[in-house]
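Reader: Can you walk me through this one? Keep it quick.

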Amino acid sequence: QEQLVESGGGLVQPGGSLRLSCAASGIGFPINDMGWYRQAPGKQRESVASVSTGGSSIYAESVKGRFTVSRDNGKNTVYLQMNSLKSEDTAVYYCNAVVFLPPHGTRMVYWGKGTLVTVSS
């Protein structure tokens, strides 16, 4: 069964750091992009960062210079290093994995269940 499992969330003080991990398993096709989204209380889910198989990355403006996304293709795992955390980074963080299904290349997105990051003093 396909699943993505996030870990590494928790409570951190403003200015602190956390590293999130997300391991994908049971996906029977090559994974294309992997990434992170977040959803703060009362807000819509938003994209945080994504990384291609080749390592090219895209970031939301709000996290540029503070967050770094990376992946280990051999382990089907994506990471999010979060530095200089702010209270507005508080949210549930979800990882996803994009797969293009044969024979027509239908795009399928798998999601994790999320991990809570709370930035507070």
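**A buried arginine and its surroundings**

Author: Arg71 is buried yet has no salt bridge, and the nearest side chain of opposite charge, Asp33, is 5.2 Å away. Buried means under 20% relative accessible area, exposed over 50%, partly exposed in between (1.4 Å probe, protein chains only). A salt bridge needs a side-chain nitrogen of Lys or Arg within 4 Å of a carboxyl oxygen of Asp or Glu. For charge, Lys and Arg count as positive and Asp and Glu as negative; His and the chain ends are not counted.

Reader: Is this an experimental or a predicted model?

Author: This is a predicted model: local features need pLDDT of at least 70, side-chain atom pairs count only at pLDDT 80 or more, and totals for chains, interfaces and linings use all residues. Residues are numbered from 1 along each chain as its sequence is written, and side-chain values use heavy atoms, with hydrogens and water left out.

Reader: Where is Arg71 found?

Author: In strand S7. Strands (E, at least two residues) are DSSP runs, numbered from the N terminus.

Reader: What does the side chain of Arg71 make a polar contact with?

Author: The side chain of Asn73, at 2.6 Å. The Arg71 side chain also reaches the backbone oxygen of Ser52 at 3.3 Å. A polar contact is a pair of N or O atoms within 3.5 Å; within protein, one must be able to donate a hydrogen and the other to accept it, and residues adjacent in sequence count only if both atoms are side-chain atoms.

Reader: New topic. Which residues have the most contacts inside the largest nonpolar core?

Author: Trp36, Leu80, Met82 and Tyr93, in a core of 31 residues. Such a core is a set of buried Ala, Val, Leu, Ile, Met, Phe, Trp, Tyr and Cys residues joined through side-chain atoms within 4.5 Å.

Reader: Which strand gives the largest share of this core?

Author: S9, with six residues.

Reader: And what does Met82 touch?

Author: Leaving out residues up to four places away in sequence, its partners include Leu18, Phe67, Tyr93 and Val117. Contact means heavy atoms within 4.5 Å.

Reader: Now the backbone. Which peptide bond is cis?

Author: The one from Pro102 to Pro103, with omega near 0 degrees. Pro103 is in the loop between strand S9 (91-101) and strand S10 (106-111).

Reader: What about phi of Asn76?

Author: Positive, about 50 degrees, although Asn76 is not a glycine. Asn76 is in the loop between strand S7 (67-72) and strand S8 (77-82).

Reader: And where is Ser84?

Author: In the loop between S8 and S9. Phi of Ser84 is also positive, near 50 degrees.

How values were computed. Helices (H or I, at least four residues) and strands (E, at least two) are DSSP runs, numbered from the N terminus.
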